[in-house]
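Have a look at the structure first, and then we can go through the contacts together.

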Amino acid sequence: MRANTATKLGDETGWGKRHGIWSDRLSGFARLCEERAAEADEASHLSPAVTTALREAGILVAPLPPDHAGQGLLQSSQWLLLHEALRAFGAADLSIGRLFEGHCNAIELVRRYGTSRQFEDLAAGIRRGAMTGVWGADGNKPLCIKRHEGRWQLEGGKILASGSGFLLKPLVTASSEEGQRIVLLDLEGEDARIDLSRWTPQGMRSSATGSVDLSGIVIGDDNLIGEPGDFMRQPYFSGGAWRFCAVHLGAIERLVDLFIAQLRARRRDEDPYQLQRVATCITAARSTAYWTKAAARHLALSSHDAESCVALSNLTRGVTERAALDVMEVIQRGIGLASFMRPGPIERISRDLRTYLRQPVPDLAMADAARFALAAEVPVRDMWTADAN
Ligand SMILES: Cc1cc2nc3c(=O)[nH]c(=O)nc-3n(C[C@H](O)[C@H](O)[C@H](O)COP(=O)(O)OP(=O)(O)OC[C@H]3O[C@@H](n4cnc5c(N)ncnc54)[C@H](O)[C@@H]3O)c2cc1C
């Protein structure tokens, strides 16, 4: 029987065998994250051992193409490899999963919309150990690009910026006269701009999701990625939501494993109500996995069909959120008070998952998916014939 995240990774799909050394490194890294997750939660920052391993185990470079020393995780043909990495990190520590997901998102944006020179520069920075991410959320002072003494400079800042103080090369969105722009920054030595004092959530404490004041930073053409409006271009903007769902999936599965282990340890595994709960949890977890894989595969292979990619990813968000909430409720009732006790992993993972589940406009995502179905005028079974039937 599989005991932990690391063994689960290779066994699940067989890709462990196909990707040998990378798989071993990934499994080792996930195991380390899992071991250090409680300490990171307590300290509200990642363990130094984890940040070192992020670089040394080749995790940061993995999304880069092979000719840039990576594993090509972002190539369409490798959608399952990326799915499994996100799932493994979600199982190990949701904060790491969040940061790695943002890292992948940023690399993909620069690869898709940036010049080859911009991509080369980012890849070189990542090979030197820099992590990237995407900071899109605006607070009271939305980030904008203004003309100042003949130069372009940033005014305002970002909120809910994961990896604040840790990400050296974040992408930020900023409004300009031409529309919304993507700006690639170098924040080395800019720690004074970071404010983590308002990051006081129940969970995801070590994701360091702070506020950043970017006023006064001078930018040039090298900083501007793509054209105005590229950031929200579909299907990639909404369709990419499957990635955070895959991270959530890892945590859901980990909770179910912990629940089963608890029932066994307390010899409560024959009770018919508990059996019913286990079945409920397993169906929720497995169903989520089918959806996240379908959404990932559909975006990778059918991106020309933008609306259907977006709709499938939006529905996957709803399925994943429902499954996570159901599993957490069932486990709380099945284990009782012990599931609220610190420093138990069930308490911490549930706290992290409940926090990280809060993603932008969940109602709109479901409403848009419903509109897609209404407009499609085909039977449900034919809506995603290639991938999800
Ligand atoms: C751990 C963590 C890390 C994060 N890291 C990053 C990061 O690195 N970069 C980044 O850009 N963001 C980040 N975010 C922010 C994230 O992308 C979302 O912006 C944020 O989580 C939105 O949460 P919310 O529940 O407040 O969403 P909301 O969208 O405000 O939703 C709250 C509720 O309001 C409803 N609602 C929304 N809009 C309307 C409306 N106009 N009218 C009526 N109802 C409405 C929604 O459907 C929902 O029911 C992070 C969030 C978390 C939890």
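How many Å from an oxygen atom of the ligand does a polar side-chain atom of Arg-98 lie? In this predicted model, that spacing is 2.9 Å.

| Residue | Protein atom | Ligand atom | Distance |
|---|---|---|---|
| Arg-98 | polar side-chain atom | oxygen | 2.9 Å |
| Leu-160 | backbone N or O atom | nitrogen | 3.2 Å |
| Asp-363 | polar side-chain atom | oxygen | 2.7 Å |

On its own, the ligand has 960 Å² of accessible area, and the protein covers 58% of this.

Now for the wider shell. The ligand is surrounded by 18 residues, and the closest are Gly-136, Leu-160, Ser-162, Arg-358 and Asp-363.

Seen at the level of domains, the ligand lies between domain 2 (133-229) and domain 3 (236-382), because both give residues to the shell.

One more region has a record attached. An unreviewed UniProt entry places the feature "domain: Acyl-CoA dehydrogenase/oxidase N-terminal" at residues 33-122. In the model, that span is 68% helix and 0% strand, and its end C-alpha atoms lie 25 Å apart.

Terms used
Residues numbered from 1 in each chain as written. Predicted model: local features only at pLDDT ≥ 70, side-chain atom pairs only at ≥ 80, totals over all residues. Heavy atoms only, no water. Near = heavy atom within 4 Å. Polar contact = N/O pair within 3.5 Å; in protein donor to acceptor, adjacent residues only side chain to side chain. Areas by Shrake-Rupley, 256 points an atom, 1.4 Å probe, with all protein chains shown as cover. Domains from an automatic or database assignment. UniProt positions renumbered as here; feature names shortened; annotations may be inferred. Helix = DSSP H or I, 4+ residues; strand = E, 2+ residues; numbered from the N terminus.
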